[in-house]
Amino acid sequence: MCPTYDFCLNNAHPEHPCCADPCSLLSQWDPSNNEHNYALHLRKAMSEGIPDFVPHMIIDTGRNGVADAREKCPNWCNIRGAGVGLLPTTK
């Protein structure tokens, strides 16, 4: 996990697992290259914008920590092989 929302910017820690960026979002100045960094970014912005507010985030774990699960970067929904739990059945 990244310690701060901007930990990966400017290629500061390219070897750190939280900075993995298969879609090159950091090169577009997007500090939210993954769900955890997005939550950190939201928390910082909301905390600064609303005095005495400490937000808590729920992170979508649909990819279940599987790196490079998408064949193409724009494909976020219904990724094959990703998800949590058993496959649905009629039993």
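Mentor: A term before we start: helices (H or I, at least four residues) and strands (E, at least two) are DSSP runs, numbered from the N terminus. Also, this is a predicted model, where local features need pLDDT of at least 70 and side-chain atom pairs count only at pLDDT 80 or more, while totals for chains, interfaces and linings use all residues. Residues are numbered from 1 along each chain as its sequence is written, and side-chain values use heavy atoms, with hydrogens and water left out.

Trainee: OK. How many helices and strands are in the chain?
Mentor: The chain has 1 helix and 0 strands. The helix is H1, residues 35-49.

Trainee: What span should H1 have, and what does the model give?
Mentor: The expected span is 1.5 Å times one less than the number of residues. For the 15 residues of H1 that is 21 Å, and the end C-alpha atoms are 21 Å apart, so the two agree.

Trainee: Which residues of H1 are buried?
Mentor: His36, Asn37 and Ala39 are buried in H1. Buried means under 20% relative accessible area, exposed over 50%, and partly exposed in between (1.4 Å probe, protein chains only). Back to those three in H1: they cover an arc of only 160° around the axis, which puts them on the same side. That arc is taken from the directions from the helix axis to the C-beta atoms.

Trainee: And what's exposed on the other side of H1?
Mentor: Glu48 and Gly49 are exposed there.

Trainee: Switching topic: how many salt bridges does the count come to?
Mentor: The count is 1 salt bridge, meaning a side-chain nitrogen of Lys or Arg within 4 Å of a carboxyl oxygen of Asp or Glu. Glu48 pairs with Lys44, and their closest N and O atoms are 2.3 Å apart.

Trainee: Why can those two reach each other?
Mentor: Side chains of opposite charge can pair when their charged atoms come close. Glu48 and Lys44 are 4 residues apart in H1, so about one helical turn separates them. An α-helix has 3.6 residues a turn, so residues three or four places apart point the same way.

Trainee: Are they buried or exposed?
Mentor: Glu48 is exposed, at 59% relative accessible area, and Lys44 is partly exposed, at 30%.

Trainee: Now the cysteines. How many disulfides does the search find?
Mentor: It finds 2 in the whole structure, where a disulfide is a pair of cysteine sulfur atoms within 2.5 Å. In one of them, the sulfur atoms of Cys2 and Cys18 are 1.8 Å apart. That pair links distant parts of the chain, 16 residues apart, with Cys2 and Cys18 each in the segment before H1.

Trainee: And which residue does Cys8 pair with?
Mentor: Cys8 is joined to Cys19, S to S 2.1 Å.

Trainee: Last one: what is phi for Asn10?
Mentor: Asn10 has a positive phi, near 60°, without being a glycine. Most residues other than glycine have a negative phi. Asn10 is in the segment before H1 and counts as exposed at 60% relative accessibility.
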